[in-house]
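The following report is intended to be read alongside the sequence and the coordinates. Please consult both while reading.

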Amino acid sequence: MKKLIIAMVIGLLLVAALVTSVLADNGPHGGFTNTTEKCAGCHRAHSAKGATYLLVNTSVEALCFTCHDGTGAYTNVVDGVYQNATIATLSAPLGTQGDKGIPLFGGGFDYTSFPHTWNGKDGYDASASLPSPATVTSSHSINGSSQAVFGAGDYQVATVPTYGSITLECTSCHDPHGRAGRGPTTSTSTFTASASGGILAGLPMPSYRLLRFEPTGSNGFEVTGSTTLAWWAAGNSQSTDGITVRETANYWYTPNTSSTLDGTVMFYRTRYDSVAGEWTAWGSYIAQIGDLAGRSYVYARPAASVTATVNAFSATTNGVKTSTCKDGSGNLPPLPTATTGGWLYTIYACGSTTGTSFNNNGTTLAGGLTAGRAQLGYWCGTCHDRYMAGSGSRDFNSGDGYYTYRHNSASSAVCVDCHVAHGTSSVMTNTNTIYPTASLTTGSILMKLDERSICLKCHGHSVNFNYLP
Amino acid sequence: MAKKKTTPTTEETPTEVETPVVTETAQPETSQEPPAPEEIQDPEKEERRRRWLLLILLLLLLCCCGASLLFLRYVLKPAPLPQLLVPPQASACTAPTYVFSINEVDKPVGVAVSPDGQRIYAAESDGQRLVKIFNRDGKLLGSFSPPGTSTGAREPRYIAVDPAGRVFMVDRYSNAIFIFDQDGRFLDAIISPDQTLSKLLAEKLGNEAAKALVTNYDGVNLQLHYIDPQGTAQTLPVKLSDKNWNPLGVRFDKLGNLVYSDTTPDHHNVNIIPVDALKFPLATFEPKIVSFGASGSAAGQFNFPQVAVQDSQGNFYVSDGNNSRLSAWDATLKYRTFFGFGSAESALNLPRGLWVTDRDCLLAADAVGSTIRVYDVSKTEPTFATTFGSFGIGEGEMNYPVDLVVDLTGRLYVADRDNNRVEIWSY
């Protein structure tokens with residue numbers, strides 16, 4: 001009898017030992033250590049409720065909204081507001097995150113609170129106030145359903161546009177793993193850039209709002225080992241030390257042969273040369289792999305002032321205008337300096353080099369990397385690639401049969417000058433009534449302002465649309 | 001048959017002699033050893049043996065019954081073996097029984113009940129974002145919201161009811177705690193640690209303030225809209241002191257003090273507004289707020305604290321949301337320990353709402369875990385007691401439970417957010 005009792009007790013102990021569950025701790029975005037438990041904040045190895053990524057919640061969207069509805073993070077993307085306690089002075093152009101109730105740059109998915117109706121005044125209006133939140137009229141659909149992606153698809157010269165479709169989730173654009181990826185897990189240090197644009201020291205900064213290096217792509221990667229990298233031709237996927245660099249139609253990789261940046265790999269945007277029948281580099285490099293103490297990192301950065309070592313083709317040679325991504329006055333965006341650190345990037349009004357800084361200028365985050373408006377323009381162009389255009393693109397045939405002459409999307413008027421990324425509450429009623437061919441789509445197309453008044457932002461008055469993100 | 005044997009005579013022919021016929025029969029083999037002496041029978045010993053046998057049989061029968069009950073228990077509600085067995089010293093913190101659900105709510109994130117248990121309040125985070133009032137049968141009695149707000153301009157979150165039946169509702173959009181009577185009529189709003197709307201009006205209108213009617217408080221643009229005693233619509237710019245706040249969770253402790261969590265950047269903590277400062281009207285709102293905790297993930301720190309509740313001994317427990325744990329503080333607000341952290345069944349994934357029963361059972365809504373975890377906090381060290389509810393849409397199942405409350409009748413209400421319902425359980 002005694003033996004039976006002992007055997008039962010041992011059996012119970014064995015059973016109890018097999019019952020395990022997983023714990024979650026802290027916020028889930030990055031900072032993983034060798035004793036991390038953070039994985040369990042979002043994932044379950046065996047008892048997941050969401051498919052594909054083995055999520056604790058039924059979908060990526062639902063999971064992200066568990067915190068980003070204001071109860072676990074200040075970035076409330078449901079209501080499109082930055083929700084903390086700092087009492088807003090509401091006296092400066094929108095661009096300072098951290099003010100209570102200030103609209104997020106990307107808008108919201110259910111509501112936004114940025115003004116979508118121009119108040120008709122010129123200049124900054126100190127008496128203006130934030131409007132009441134309004135229901136979103138259009139948004140990037142992130143519920144995993146297939147949606148049309150305008151200005152994308154196979155390049156072709158026909159007059160009938162084609163566009164592809166895409167399925168988006170929050171993680172298509174944001175990396176929930178933060179800087180973790182394959183990069184360092186140490187805390188951010190101040191980034192220092194050289195005057196020539198190379199990397200002197202420091203570690204890659206966390207990307208702005210955890211944006212991926214490219215939409216639906218990786219968040220950058222670490223290249224270890226040899227710094228002598230092979231020539232990578234467009235159209236190929238190359239591997240170095242087991243890490244694959246993903247090729248897209250927008251990025252082209254080539255080792256930089258500049259003497260100041262030997263051993264680095266430069267990323268250029270690409271465009272299709274219909275005359276040459278091939279994809280070629282276009283514009284200044286937008287990213288680079290640098291060699292730092294035997295480790296190299298890839299990160300995104302604003303358009304550089306370093307002269308591209310690969311010359312883009314010119315109109316006289318190929319009959320197609322190219323661009324070096326300068327603003328309307330021929331200036332390249334300024335580089336950060338060694339003394340300022342980070343990426344201080346001031347954006348000027350359309351076509352000018354001075355004047356009132358529009359909102360959404362690339363303010364240096366504390367030790368962090370700013371996206372920069374131009375960078376975001378390139379970034380959006382990863383999917384909406386047929387909209388990408390540099391200065392002068394209104395004058396020269398792009399070679400695209402439908403998007404033949406285009407508005408500059410490179411530096412002085414990038415995508416996020418007119419559109420938001422998450423959702424807008426602007427009203428668009430006349431699109432297909434008065435000008436039926438003005439747009440491929442009905443709705444407010446993520447435009448910041450009602451109807452076509454966004455044009456006035458640059459082409460009308462010297463208006464600073466208060467609190468416009 | 002024996003043959004008769006006769007002696008033959010001289011002249012007689014010999015007759016057959018009957019010889020006995022021996023029928024051979026099997027004879028048992030006999031041991032070569034001498035037979036053992038006969039055992040002496042001991043009746044008492046025999047009796048004892050019978051009793052032992054009976055006892056063993058009885059025990060076996062009991063084991064079989066126990067195993068059968070265990071099997072039946074498993075069939076009715078499958079669970080790991082440790083959960084099926086009742087520990088020798090069973091905790092008083094047991095799981096309640098599911099009763100029914102109220103379905104007329106859109107993503108409820110806060111739930112509270114009136115002191116008499118007759119009214120249930122549920123704060124919605126979707127749809128019209130109202131606070132809805134239900135009776136005990138689940139019938140909708142009414143709804144309310146901060147005055148003059150559109151759907152997008154209100155974000156109700158946690159709610160709590162004071163001993164007088166007033167409903168306190170955190171609104172994250174306006175960064176304020178709105179106060180309503182039991183029927184949802186607006187009474188006042190605490191808009192900063194030292195300011196209320198009635199106080200603002202009192203400063204503006206003096207004795208006439210009580211005749212003013214608040215039509216809207218815009219906590220983003222800091223404007224108070226009201227109808228003055230003369231019936232004219234007015235707008236009063238609100239200038240707040242430098243006392244910042246960002247309230248998230250609200251509860252009332254045993255004394256009627258208002259306990260709220262604050263998520264001001266770099267100042268995540270828990271604060272107590274004394275009951276004396278909550279005497280209506282709140283026109284002279286000057287509370288001496290006591291705070292505990294700080295921002296971070298170390299011991300005694302918080303990362304988006306959700307709510308704080310108090311047990312019968314005066315100890316406080318805080319759901320430390322983004323740190324995925326609960327922390328315990330003694331009655332003097334000194335930090336004691338944290339728990340619910342680890343890799344066991346007692347571990348929390350994303351703790352949100354908390355409640356302490358009168359038996360000092362601490363119930364924690366584990367939002368991501370889609371379950372309610374129960375801890376016995378009646379002793380010095382909190383111990384895990386049980387868990388109930390699982391992921392799903394069925395009865396007794398949950399999908400992102402956010403808040404919970406127990407009324408005086410032993411009814412438990414759970415804001416089952418992603419199932420768009422309030423579940424009712426009963427002890």
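The report below treats chain B as a whole, then one of its strands, then its cores and a surface patch.

## Overall composition

The structure is a predicted model. Chain B contains three helices and 32 strands. Among the contacts in chain B with a separation of 6 or more, 45% are between residues 24 or more positions apart.

The accessible surface of chain B amounts to about 20,900 Å². Carbon and sulfur atoms contribute 55% of that surface.

Strand β26 of chain B spans residues 371-376. Six of its six residues are buried, so the strand is largely enclosed by the rest of the structure. In a regular strand, side chains alternate between the two faces of the sheet. In β26(B), T371(B), R373(B) and Y375(B) are on one side, while I372(B), V374(B) and D376(B) are on the other. Both faces are covered, and the residues named on each side are all buried.

On one count, β26(B) pairs with strand β25 (residues 361-366) of chain B in the antiparallel sense, over six bridges. Within this pairing, L362(B) has Y375(B) as its bridge partner in β26(B). The two strands form a hairpin with four residues between them, and S370(B), located in the turn, has a positive phi of about 50 degrees.

β26(B) also pairs with strand β27 (residues 383-388) of chain B, again in the antiparallel sense, over five bridges. Here the bridge partner of I372(B) is F388(B) in β27(B). β26(B) and β27(B) likewise form a hairpin, with six residues between them.

## Nonpolar cores

The largest nonpolar core has 52 residues. The residues with the most contacts inside it are I177(B), I190(B), L258(B), Y317(B) and L362(B). A second, separate core comprises 28 residues, including A123(B), M169(B), L236(B) and V238(B). L362(B), listed for the largest core, is also the bridge partner of Y375(B).

## A nonpolar surface patch

Which residues form a nonpolar patch on the surface? The patch consists of W52(B), L54(B), L55(B), I56(B), L57(B), L58(B), L59(B), L60(B), L61(B) and L62(B). Together, these residues have about 1,000 Å² of accessible area.

W52(B) lies in helix α1 of chain B, which covers residues 43-76. Its relative accessible area is 55%; because this value is over 50%, W52(B) is classed as exposed.

Methods: Residues numbered from 1 in each chain as written. Chains lettered and ligands numbered in written order. Predicted model: local features only at pLDDT ≥ 70, side-chain atom pairs only at ≥ 80, totals over all residues. Heavy atoms only, no water. Patch = residues over 30% accessible without salt bridge, like charges linked within 9 Å, V, L, I, M, F, W, Y side chains within 5 Å. Areas by Shrake-Rupley, 256 points an atom, 1.4 Å probe, with all protein chains shown as cover. Salt bridge = Lys/Arg side-chain N within 4 Å of Asp/Glu carboxyl O. Buried < 20%, exposed > 50% of the residue type's maximum accessible area, 1.4 Å probe, protein only. Pairing = 2+ DSSP bridges. Contact = heavy atoms within 4.5 Å. Core = buried A, V, L, I, M, F, W, Y, C linked by side-chain atoms within 4.5 Å.
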